[in-house]
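Hi everyone, thanks for coming.

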Amino acid sequence: MMETHPRVEKPFHKEIKSSVIFHVIVLGAFSLKSLIFSSPIIDYKSAIRVDIVGLPDKITSPRPPQKAEEKAKPEEKKPEPAKKVEEKKPEEKVVPIAKEKKNIKDVQKNALEKLKALDKIKNTVNNEKSQMDAIERLKKQEYRGNNLAAGNALTGTDKFQYDAYIGELDSHVKGFWDLPRWLSEDNLKTVVKVKIDSRGFVIFKQIVSSSGNQAYDEVAMQTVAKASPFPVPPSKFSGTLEANGFNIEFQKQE
Amino acid sequence: MRKLFIFLCLFVSLGAHSQSDGIYIKVTDANVKKSLLALTPLQYTGSASLVSQYQKIGADLYSVLRNDLDVSSYFEFINPKAYLEDTAKVGLRPAPQYANGFKFDNWKKIGSEFLIRAGYQVVAGKIELESYLYYVPTATLVVAKKYTGSIDEARTIAHTFANDIILNLTKKPGMFTSQLVVTSDRAGNKWKEIYTMDWDGYNAKKITNHKSIAVSPNWSYDGKSITYTAFAYNSKTKSRNADLFLFELDTQKRFALSTKAGINSGSSFTPDDKNIYLTISQGGNPDIYRMDTNGRNQVRLTNGPAGAMNVEPEVNKDGDLVVFSSDRSGNAMIYTMNTSGSNVKRLTFAGKYNASPVWSPDGKKIAFAGFDKTHFDIFVMNADGTNMIRLTSAKKKNGKMANNENPSFSPDGRLVMYVSDRTGKKQIYIANADGTNERRITFDNYNYDQPKWSKK
């Protein structure tokens, strides 16, 4: 029994070795390939992604309204006090000056209080609205099963959104590309790298591939400048578009 | 083993870097527009006392240049009323480098993309044209040239400047010094003689005097020879026959190349000018032959079939395909074949009579005249018969459709020339190869036919 063990181990050892060598060769070849040869540009449109959907959660009490909305309100209120005071004045009859001053103060006080009251009402209305909004958001976001989670890759509806946005960009830029005929017949090609902020404004543009014709390159850069602001990117993509940007290739097809 | 394993992991992880990619948008559709050009009036740069004497020369130079640039379809002219500076008072070169120079700002403000400043003078019977083309957005000089020539070469000088502008901008030569050859009844007496002209209809020269019918002329590629067919009187046979002639423009010598009984017609040169394709009937049905430019070594390329006629051959720029018209299918249609006569391909299937096919200079398109129910029109299609477009459509004064026939491409392939009887007489017209921008070239009451644009 003991004698058979060494015989069994030896051939097994050989197979491991040859397997390892084979794997090294294959993996090494692929590593070399990816290091030496540039990878092709991924055409997002042809990618298919699958997301795993979970069962929905139960909706609990809504979240408190966001404070940012309250901060916005005082700015809007400023023009209104002027209005209210003016409206009040014609109603008063002719009164002695001292009394008039007192009356004015009272009037102003009343007006301010009214405003405060109005504010409160508006606030409660807004609170209710924001609560309803929150519920809606919860329904959309946390009620899993209705929507596909964003994940870290383009999936489902996000892919459609992405494709739609790219199409929007394309038709938007097209509208601004005025090319003189003398530059349009030579099949010239210029590629411009563009970065846009979350509002679509161009924050960076640079020629990454020149056509060899300065005037043609200049027209491409001017087109990008004229096209700013670009369509507002969906919030999911705005980070990428601002940090990494995107390339626009200008080449007229016959 | 362990070391090998670690090395393996490291090596593999190197290849696992994230692939460099980018969001990539391809914009392929542009709003193609003409460039705004300020073609400022020419200045007389010689002695002030001679300005009025040579005014006509200046006017000719200007009108030729303007017409050429207009026909090119690249430019739109700014109305001189919009100019912000008096071009007669400022120099041809820009300020501040040059004293009393024009200011680029004045041209940028009115939106001009290009500016032409030119001056001429006549000294000892010779014209000197000093011309500058500026690209206004970058305030750069694009073309700066001086031309000289005799007074009667004024039009050629302006044509040459126009050519240089087109060459500089598009890297392809312009066609403005090209010519046409045509048969016409201008000489009267119901004769038809052969004429050459500038492409714009000027400087007509009669090159035959057979006092008979001379038709279907064509150019050699070097522009030095013209072939044509004339019903000339043959002193040997003491009769008239449709013989093929070759005329040398430099030496003014004339040679009878093919005198077979019947028709010797519809000739075209090979791009090396060593051979000629033509139609010979030899008393039977017209077929296509090839021969050298001495009229020797005739090779027959078609034979019917069944008594069909094969006419109007033209070889392409590569010298490997011949396009021709044949009625072997019943109606005259357009065909191609190899230069050996094999591999005959039918290209057109519509219409009742498709004739006079010609290649575009790059060999990618074929234009022909097609009879469509009531009249002929010019059509352009790809060399394989696809993507056919109708180039012409015109009405006569009586409301009937006019005939547009005998197309010929310009040397740069941008334009097509043809004849049209819309005015009652056959006159020469040109249009862009897409049918736009049609212009009349001859403006008289003569008849012109079978025009052929020179090859350069």
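Let me start with a pair in chain A: the side chains of A:Asp170 and A:Lys174 meet in a salt bridge, 3.5 Å from N to O. By salt bridge I mean a side-chain nitrogen of Lys or Arg within 4 Å of a carboxyl oxygen of Asp or Glu. Both residues sit in helix α5 (residues 156–174) of chain A, 4 residues apart, about one turn of the helix. Helices here are DSSP runs of H or I with at least four residues, strands are E runs of at least two, and both are numbered from the N terminus.

A quick word on the ground rules. This is a predicted model, where local features need pLDDT of at least 70 and side-chain atom pairs count only at pLDDT 80 or more, while totals for chains, interfaces and linings use all residues. Residues are numbered from 1 along each chain as its sequence is written, chains are lettered from A and ligands numbered from 1 in the order in which they are written, and side-chain values use heavy atoms, leaving out hydrogens and water.

Back to our pair: buried or exposed? A:Asp170 is buried, with a relative accessible area of 17%, and A:Lys174 counts as partly exposed at 24%. The cut-offs are under 20% for buried, over 50% for exposed and partly exposed in between, with a 1.4 Å probe and protein chains only.

Now to chain B. B:Asp70 forms a salt bridge with B:Arg439, with the closest N and O atoms 3.3 Å apart. B:Asp70 is in helix α2 (residues 55–71) and B:Arg439 in strand β31 (residues 439–440), so this pair ties together parts that are 369 residues apart in sequence. B:Asp70 is partly exposed, at 24%, and B:Arg439 is buried, at 18%.

Another chain B pair is B:Asp421 and B:Lys396, whose side chains meet in a salt bridge at 3.7 Å, N to O. B:Asp421 lies in the loop between β29 (415–420) and β30 (427–432), B:Lys396 in the loop between β27 (389–390) and β28, and the two are 25 residues apart. B:Asp421 counts as buried at 12%, whereas B:Lys396 is partly exposed at 26%.

There is also a network of salt bridges that links B:Asp372, B:Asp377 and B:Arg390. How many salt bridges are there over all chains? The count comes to 18.

Let me finish with chain A as a whole: 7 helices and 4 strands, and of its 254 residues, 25% count as buried.
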